[in-house]
Amino acid sequence: LLTQILTALVQITLNNLLRVHGAASVYGSDIALSVYGMMMKVYQIAHSMFVGVSSAVQPINGYNFGAKHFLRVRQTYRMAAAIALMISAVWFLVFQLLPRQIGMLFVSDSTLYLDCAQHCFRLYMAAFFLYGLHLATATFFQGIGRPVPSLAIPLARQGVFLIPLAILLSSRFGLDGALLAAPISDVLTFLLSLLLAGWEFAAWRRKGWIEG
């Protein structure tokens with residue numbers, strides 16, 4: 001519930017920021033909003049792939065953790081994280097190399113729209129190659145019955161990093177600042193995920209559940 005509420009708040013915040021700062025850019029408010037809406041539709045396709053990976057490994061983590069096969073849980077987490085990061089890397093290349101082609105699937109007769117699509121994709125998705133890890137990590141914690149870190153990861157990305165950064169950076173850098181909030185949030189959430197997972201496995205080693 002909290003994650004969905006924050007997702008809606010992110011959309012509201014960025015829609016308003018792009019409306020205001022898009023109007024001050026060469027693209028104009030309408031094009032900036034239209035391109036952002038288009039990006040979010042394409043983003044949902046990519047996001048659903050990470051949800052698929054996470055949903056597949058969650059019961060594996062839960063069953064093996066309950067059976068005290070802790071090494072298998074760590075192996076499953078590492079495999080899920082690797083797959084998620086590979087998917088992230090593929091989508092990152094798509095977003096960086098083919099932004100105009102993606103934009104042409106929605107609007108093909110406006111050069112300004114395609115210029116804006118290229119600009120927005122390349123900034124907003126600049127760190128997308130790191131995106132998959134936080135979903136894999138949140139699902140890992142959910143599978144082993146750790147709701148606090150599982151919830152903390154998406155809440156940190158949306159509420160602690162993305163929304164405040166978008167407001168702060170857009171006030172200084174306009175449209176580009178609002179867009180750059182996303183990759184900065186992705187980097188910070190990636191580091192947070194590594195930190196929380198590292199702490200968890202370190203605790204397992206201290207308890208003698210795993211070695212190395």
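Predicted model: local features only at pLDDT ≥ 70, side-chain atom pairs only at ≥ 80, totals over all residues.
**Close-up 1**

**Close-up 1. The helices that line the largest pocket.**
Helices α1 (2–23), α2 (29–66), α6 (132–143) and α7 each supply at least two residues of the lining. Which helix gives the most to the lining of the largest pocket? That is α2, with nine residues.

**Close-up 2. Helices α7 and α8 in contact.**
Here we look at helix α7, residues 147–173, and helix α8, residues 175–206. Their axes come within 7 Å and cross at roughly 150 degrees. Since angles over 145 degrees count as roughly antiparallel, α7 is roughly antiparallel to α8. The crossing of α7 and α8 is right-handed. In the contact of α7 with α8, you will find 19 nonpolar residues, together with five polar and three charged ones.

**Close-up 3. Helices α3 and α6 crossing.**
Helix α3 spans residues 70–97, and its axis comes within 8 Å of the axis of α6. How are α3 and α6 oriented, roughly parallel or roughly antiparallel? The two axes cross at roughly 155 degrees, and α3 and α6 are therefore roughly antiparallel to each other. The crossing of α3 and α6 is right-handed.

**Close-up 4. An aromatic pair, Y43 with Y131.**
The structure holds 21 aromatic pairs, and this view picks out one of them. The ring centres of Y43 and Y131 lie 5.8 Å apart with the ring planes at 80 degrees, so the pair is edge-to-face. Y43 sits in helix α2, while Y131 belongs to the loop between α5 (111–124) and α6. The pair thus links distant parts of the chain, 88 residues apart.

How values were computed. Residues numbered from 1 in each chain as written. Heavy atoms only, no water. Axes fitted to C-alpha atoms, helices over the stretch in contact; angles between N-to-C directions. Helix = DSSP H or I, 4+ residues; strand = E, 2+ residues; numbered from the N terminus. Parallel < 35°, antiparallel > 145°, perpendicular 65-115°, else oblique. Left-handed = near helix turned anticlockwise from the far one by under 90°. Nonpolar A, V, L, I, M, F, W, Y, C, P; charged D, E, K, R; others polar. Phe/Tyr/Trp six-rings, centres within 6.5 Å; stacked < 30°, edge-to-face > 60°.
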